Structures are given as C-alpha cells and as structure tokens.
Amino acid sequence: MNKSLLAACGTTIFVASGIFLLPYAGVQIPLAQLMLGAAAVSTGVALGAIVFLLLNRTPAKISPSELMSKRLCDIEDLIRPFPTEKVQALSVRPETFARDLDTVKNPEKYRDKTITLSLRGPSKGGEPFNPVKLREIFDGLRREQNFDHVILYDDHKEFIGYIPALHARSAFIDPGAAEAYIARAITDIYAGSFNAQDLRRIGGATKSDVISDSALLSEAAMRMGGGIRQLVVLQNAYHRKPIGLLYADSLVTLMSKGGSLK
C-alpha cells in the first residue's frame with residue numbers, strides 16, 4: 001500500500017478510536033451521534049481511498065480524469081430524483097391543520113401514490129409554525145409507508161432544508177418529545193436559530209448541503225469526502241428547483257466500479 005494512503009488511513013483510525021474512547025475519559029456522547037460519526041468516518045475513508053486509487057490506477061471502463069470531469073446529470077441513475085409521477089404533494093403552511101389534509105382524513109385513497117410533504121415558511125411577521133400542529137400532521141401520516149420526503153421552503157419557495165420521512169414518522173410523533181424534535185429540526189430553522197448538525201444528525205440536509213445537477217463529479221467527491229452522507233441536488237443550482245438526492249454510497253459505488261452503477 002502506498003505510504004501516503006497508509007498514513008491517511010492510519011490518521012483516520014486514530015481519530016475514530018479517539019472518538020469512541022471519549023466515554024472512558026468521562027465525556028458522554030449519545031449513541032446516535034457515535035453511530036453517525038462512525039458512518040461519516042467510514043464514508044470519508046472509502047471515498048478518500050477510492051479517489052486515491054482512481055488517480056493512481058486506470059479503471060477498466062473509464063479513465064479517472066474522464067470520470068471526475070463528468071457532470072452529475074450525465075451519469076445515469078446517480079441522482080435519486082424526487083418523484084414526479086403518482087405523487088400526492090402536500091403543501092403545509094403555519095395555518096394548516098391535520099384536519100385540512102385529505103391525505104390524513106382518507107389515506108386509503110392515496111395508497112398507490114408517493115407522498116411528499118412541503119413546508120412553506122410564514123411571511124414576514126406572519127404566524128410561525130406550531131410544533132403541536134405539525135406533530136398532529138406527522139401523526140396522521142405515520143402509517144403511510146409511501147410517505148418519503150419532507151422538504152422545507154422559505155416564504156419565497158426557496159429550499160432551506162430536507163428531512164427524510166422515515167425519521168419524521170417516528171421521532172416527530174414520539175410522546176413527550178415530538179415537539180422538541182420538531183423544534184430543533186423545523187421551527188428553529190424558520191426562526192433563524194438552528195444548529196446545522198441537528199438536520200445532518202437525522203439524515204437530513206441544510207440549505208448549504210446542496211449541489212447543482214450540472215456540477216462535476218469531482219466537486220461532489222470533494223464535498224462528500226468530508227463525511228457528508230447526502231446532498232440535495234438543485235436544477236441548474238436554482239434553490240427553487242430541488243430535484244433529488246445524491247448519496248455518498250452511490251458515489252462510492254460509481255467510483256469503485258470505474259464509472260458504472262450497474
């Protein structure tokens with residue numbers, strides 16, 4: 001193994017070991033954060049190693065320089081698109097109640113559709129989102145296995161955050177804690193006082209965790225090499241056009257196979 005690659009791996013292992021030994025030194029870290037930290041470290045190591053190998057060995061299917069210079073939108077199946085067919089798109093404003101949504105009242109009518117929930121923030125000086133009202137909405141959708149995405153927009157319909165519905169169906173209806181989870185992941189964002197790690201910790205994305213569909217693969221590899229697990233893809237870098245997700249796992253597969261996800 002090349003000495004530089006060996007050194008990089010050794011450094012990563014040292015850092016990871018330090019993180020997991022912190023509890024023995026009296027520093028308590030929640031298990032969820034430890035697991036996410038491990039995922040981020042492993043993603044960074046995998047991407048770093050694969051990029052190194054691509055630059056030092058020519059894959060059978062495509063050269064490293066050609067692969068890294070490809071645009072994301074030109075690579076088949078790399079971006080997981082937000083659904084555009086058979087979709088029940090719910091748009092929720094601060095004044096919306098669960099009883100206002102037919103999907104909540106008559107879920108059987110939408111079994112064959114993918115449910116996406118869009119939150120649109122209040123206008124300046126308008127009523128803010130109420131965690132209790134949002135909890136009732138998420139509670140009404142919790143049994144919908146086809147409920148896939150929660151996308152947050154500001155009042156001008158510009159993207160500001162993403163939450164996987166899998167998390168929303170569990171944490172956002174948790175008795176006694178749902179309102180606190182919703183506040184950290186949603187209402188604090190609209191209030192302008194949130195920690196970006198709150199969204200990343202639950203597998204979501206902030207308004208800075210975005211990339212244009214016309215960006216080069218090299219840019220995505222550089223961004224995700226730091227441990228980011230997914231990026232929201234914007235059409236032509238336009239914040240009013242989030243079109244899907246780019247996962248670090250897909251990037252690893254693409255590079256390890258020399259340019260093919262098949």
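Trainee: In which strand does Ser118 lie?

Mentor: This is a predicted model, in which local features need pLDDT of at least 70, side-chain atom pairs count only at pLDDT 80 or more, and totals for chains, interfaces and linings use all residues. Residues are numbered from 1 along each chain as its sequence is written, and side-chain values use heavy atoms, with hydrogens and water left out. Given that strands (E, at least two residues) and helices (H or I, at least four residues) are DSSP runs numbered from the N terminus, Ser118 lies in strand 3.

Trainee: Is Ser118 buried or exposed?

Mentor: Relative accessible area is computed with a 1.4 Å probe on protein chains only, and under 20% means buried, over 50% exposed, and in between partly exposed. Leaving aside neighbours within four places in sequence, Ser118 is in contact (heavy atoms within 4.5 Å) with Leu90, Ser91, Val92, Ile151 and Tyr153. Because its relative accessibility is 16%, Ser118 counts as buried.

Trainee: Which residue stands opposite Ser118 in strand 3?

Mentor: Strand 3 (residues 114–120) runs parallel to strand 2, to which 6 bridges join it, and two strands pair if DSSP finds at least two bridges between them. Strand 2 (residues 87–92) has a covered face made up of Gln88, Leu90 and Val92, and an uncovered face with Val87, Ala89 and Ser91. The residue standing opposite Ser118 is Ser91.

Trainee: What is the phi of Lys86?

Mentor: Most residues other than glycine have a negative phi. Lys86, in the loop between strand 1 (80–81) and strand 2, counts as exposed because its relative accessibility is 60%. Although Lys86 is not a glycine, its phi is positive, at about 50°.

Trainee: Where is Ala237 found?

Mentor: Ala237 is not a glycine, yet it has a positive phi of about 65°. At 44% relative accessibility, Ala237 counts as partly exposed. Ala237 is found in the loop between strand 8 (230–234) and strand 9 (242–247).

Trainee: At what angle do helix 5 and helix 7 pack?

Mentor: Axes are lines fitted to C-alpha atoms, for helices over the stretch in contact, and angles run from 0 to 180 degrees between N-to-C directions. The axes of helix 5 (residues 131–141) and helix 7 (residues 178–191) are 9 Å apart, and the angle is about 100°.

Trainee: Which residues of helix 7 make the contact?

Mentor: From helix 5, the contact is made by Pro131, Val132, Leu134, Arg135 and Phe138. By class, the contact of helix 5 with helix 7 has 7 nonpolar, 1 polar and 2 charged residues. On the helix 7 side, the residues are Ala178, Glu179, Ile182, Ile186 and Thr187.

Conventions
Nonpolar A, V, L, I, M, F, W, Y, C, P; charged D, E, K, R; others polar.
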